[in-house]
Amino acid sequence: MTCSLDRPGTSDAARALRADLVGRAREIVPVLARHAARTEEDRRVADENIALIDEAGLFSIMKPRRLGGLETDMRTKLEVSRELARGCGSTSWVTTLMNVCSFFAGLFPDQAQRDLWESAPEARIAGVLAPSAEATKVDGGYRVTGTWGWASGCLHAQWAVVGFPVPAGASEATGWEDEHGEVVDQGLALVPMSDLTIEDTWFVAGMRGTGSNTLVARDVLVPEHRVISIPAAIGGRYATEHTDEALYRSAFIPVAALVLAGPQLGLAQAALDLVIEKAPKRAISYTFYDVQTDAPTFQLAVAKAASLVDAAHLFAYRAAADIDQAAADGVYPDYAARARVRMDTGAAIENAREAIRTLVSAHGAGSFAEASPLQRIWRDSEVASRHAVISPAISTEVYGRALLGLTDGVTALV
């Protein structure tokens, strides 16, 4: 699908780069599709897929240009993820998550970014924001122990970003203590995978190939320059000194949520394309229709699904345009604007998911044959669309309250 819903100031060079990157993704879709069943069976993305994506430069789209990355925008991020998902949902999801973790890394101080990429520009990052750990303040940093699930991309990453509650004793410069020394903040730490272990815990009905296992840290030392405040980031206060880089002025939670819509767009488009392709060769059992294309009921279902796919793209691309425009202007979106991005993200997810459900029903019971890609697309969508950060129900509540001037009481992730 093409869509002109782009921020007005997007340059010709940026659009050309986007088209090039999407084209690179499109070229490898057939290979991803061939490896999709093996990726699912092995519960990890096929190494060949990772190599192809790496060779195409698609792990660099949210990495700083000054460190060898492409530093593109949110619209490009969505379109690349969407294209990859047409071949394999798990591969797209892992690529999406590792790319957004590169965005998170771009918010850290320059020294942390150089630790990460200066000597290893090919380094990839997995991550979990939840503060499921314990930490002790020590001279120059923190000692962290904990577990984090579900860390999509951890099987193919060299670094991880993980959340932890910042303990009493943090330096005054962080602003992470109140006057009584109590913990009042949550940190995000950048940690080498060599300091972590992986527990094999990812046994699920869909997105089986993502290998979203559990990261484990045992008394890991994290230097202070590799820690940022998540609440500060949610409010647009980033630690990077490179404030001229528009991508890293983008709103934290809107980016974190919207990237997850990209794979859903591709899954829905793949389902639509497949059902339309098969229709002239499939009868409707126990009817007089020798081919599905002759049946008005099928025609109506395809039209409804196509419209839902279009709507999903439009909501997602409007949200991307809002994020990209604010970043280009150097303006951090207010609460209401961020709430609308969450609403748009939820609407994109719901429309894509409903399109797939409609198509599975229209295609018939054969959708659920193990040999059919539709059953994997359906399962992948049903699982991925329930990620907590993109819950359509919570997003709707957040947006409704924001419209009424209420900016608390639901979640900090806006």
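This is a predicted model: local features need pLDDT of at least 70, side-chain atom pairs count only at pLDDT 80 or more; totals for chains, interfaces and linings use all residues.
Which residue lies over the face of Phe 59? Arg 124 does, at 5.0 Å from the ring centre.

1. **The main core.** The largest nonpolar core has 119 residues. Those with the most contacts inside this core are Phe 104, Ile 125, Trp 148, Leu 215, Phe 252 and Leu 258. Helix 9, which spans residues 296-329, gives the most to this core, with twelve residues. Apart from it lies another core, of five residues, including Tyr 335, Val 398, Ala 402 and Val 414.

2. **Around Trp 148.** Trp 148 is worth a click, as one of the residues with the most contacts inside the largest core. Leaving aside residues up to four places away in sequence, Trp 148 touches Val 128, Ala 130, Ser 132, Ala 133, Val 162, Gly 163, Leu 196, Asn 213, Thr 214, Leu 215, Val 216 and Ala 217. Among these partners, Leu 215 is itself on the list of residues with the most contacts in the core.

3. **Aromatic pairs.** The structure holds seven aromatic pairs. Phe 103 and Tyr 248 form a stacked one, with 6.1 Å centre to centre and 20° between the planes. Phe 103 counts as buried at 0% relative accessibility, and Tyr 248 counts as buried at 2%.

4. Phe 104 and Phe 252 form a tilted pair, 5.1 Å centre to centre and with 35° between the planes. Phe 104 lies in helix 4 and Phe 252 in helix 7, so this pair ties together parts of the chain 148 residues apart in sequence. Both Phe 104 and Phe 252 are buried. Ring pairs link Phe 103, Phe 104, Tyr 248 and Phe 252 into a cluster.

5. Cys 154 is in no disulfide either, and its nearest cysteine sulfur, that of Cys 101, is 11 Å away. Both residues are out of the solvent by the accessibility values: Cys 88 is buried at 4%, and Cys 154 is buried at 2%. The structure as a whole holds zero disulfides.

6. **Domain records.** UniProt, in an unreviewed entry, lists residues 32-114 as "domain: Acyl-CoA dehydrogenase/oxidase N-terminal". In the model this span is 65% helix and 0% strand, and its end C-alpha atoms lie 32 Å apart. The unreviewed UniProt entry also places "domain: Acyl-CoA dehydrogenase C-terminal" at residues 258-391. Here the chain is 70% helix and 0% strand, with the end C-alpha atoms 11 Å apart.

7. **Gly 206.** Where is Gly 206? The residue is in the loop between strand 6 (197-199) and strand 7 (213-223). Gly 206 is buried, with a relative accessible area of 0%. Gly 206 and Arg 379 are 173 residues apart in sequence, yet 4.5 Å apart in space from C-alpha to C-alpha. Not counting residues up to four places away in sequence, Gly 206 touches Arg 379, Asp 380 and Val 383.

8. **Backbone points to check by eye.** Most residues other than glycine have a negative phi, and most peptide bonds are trans. The peptide bond from Gly 149 to Trp 150 is cis, with omega near 5°, and Trp 150 is in strand 3 (residues 141-151). Arg 43 has a positive phi, near 60°; this residue is found in the loop between helix 1 (12-42) and helix 2 (47-55) and is partly exposed at 23% relative accessibility. Asp 219 also has a positive phi, near 55°. Asp 219 is found in strand 7 and is partly exposed, with a relative accessible area of 45%.

Notes:
Residues are numbered from 1 along each chain as its sequence is written. Side-chain values use heavy atoms; hydrogens and water are left out. A nonpolar core is a set of buried Ala, Val, Leu, Ile, Met, Phe, Trp, Tyr and Cys residues joined through side-chain atoms within 4.5 Å. Buried means under 20% relative accessible area, exposed over 50%, partly exposed in between (1.4 Å probe, protein chains only). Helices (H or I, at least four residues) and strands (E, at least two) are DSSP runs, numbered from the N terminus. Contact means heavy atoms within 4.5 Å. A disulfide is a pair of cysteine sulfur atoms within 2.5 Å. Rings of Phe, Tyr and Trp (its six-membered ring) pair if their centres lie within 6.5 Å; planes under 30 degrees apart count as stacked, over 60 as edge-to-face and the rest as tilted. A charge sits over a ring if NZ of Lys or CZ of Arg is within 6 Å of the ring centre and within 35 degrees of the ring normal. UniProt positions are given in the numbering used here, feature names are shortened, and annotations may be inferred rather than shown by experiment.
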